Amino acid sequence: MSYVDGFVLPVPKDKLAAYRALARKAGKIWKEHGALAYVECVADDVKPGKVTSFPQSVKLKPDEVVVFSWIVYASRAQRDRINKKVMADPRLAGLDMKNVPFDGKRMFWGGFKPIVQL
């Protein structure tokens, strides 16, 4: 079965085009190094909850939108190998995290083992 990295982050609405450009670039790099799929989605039908929600999880501000993303790999071992290559890739290694079009401090992510895959 495959392995998935998932990400949730806030992106300022006025920086969404810049984020999309960065995501396209990053996605191509991940795929070149062996990722099976790379998907970036912007919130469309996401409302604050009473206890928790996507907006609450990133402390969403009024001028921001939630982005939900995932990368699929053949296995965790492949994910670890691919991420090591991606992080060393000069096209991303020099990325200045202070100037990215999102707030990395409110981003969260993790690796997941699928339990149902149809």
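The model is predicted: local features need pLDDT of at least 70, side-chain atom pairs count only at pLDDT 80 or more, and totals for chains, interfaces and linings use all residues. Residues are numbered from 1 along each chain as its sequence is written, and side-chain values use heavy atoms, with hydrogens and water left out.

Start with the term. A pocket is an open set of points on a 1 Å grid over the protein atoms alone, where a 1.4 Å probe fits, with protein on both sides within 12 Å along at least five of seven lines. Its lining residues have an atom within 4 Å of a point. Points are joined across faces, edges and corners, and the volume is the space filled by probe spheres set on them.

The largest pocket has a volume of about 620 Å³. It is lined by 27 residues, and Phe7, Trp30, Met87, Phe102 and Met107 are the closest to its centre. Strands S1 (3-12), S2 (37-42) and S3 (64-73) each give two or more residues to this lining, as do helices H1 (16-32), H3 (76-88) and H4 (90-93). Helices (H or I, at least four residues) and strands (E, at least two) are DSSP runs, numbered from the N terminus. H1 gives the most, with five residues.

The lining of the largest pocket has 21 nonpolar (Ala, Val, Leu, Ile, Met, Phe, Trp, Tyr, Cys, Pro), three charged (Asp, Glu, Lys, Arg) and three polar residues (the others, Gly among them).

The second largest pocket has a volume of about 150 Å³. Its lining includes Leu16, Tyr19, Tyr38 and Val67. H1 again gives the most, with five residues. By class, this lining has seven nonpolar, three charged and no polar residues.
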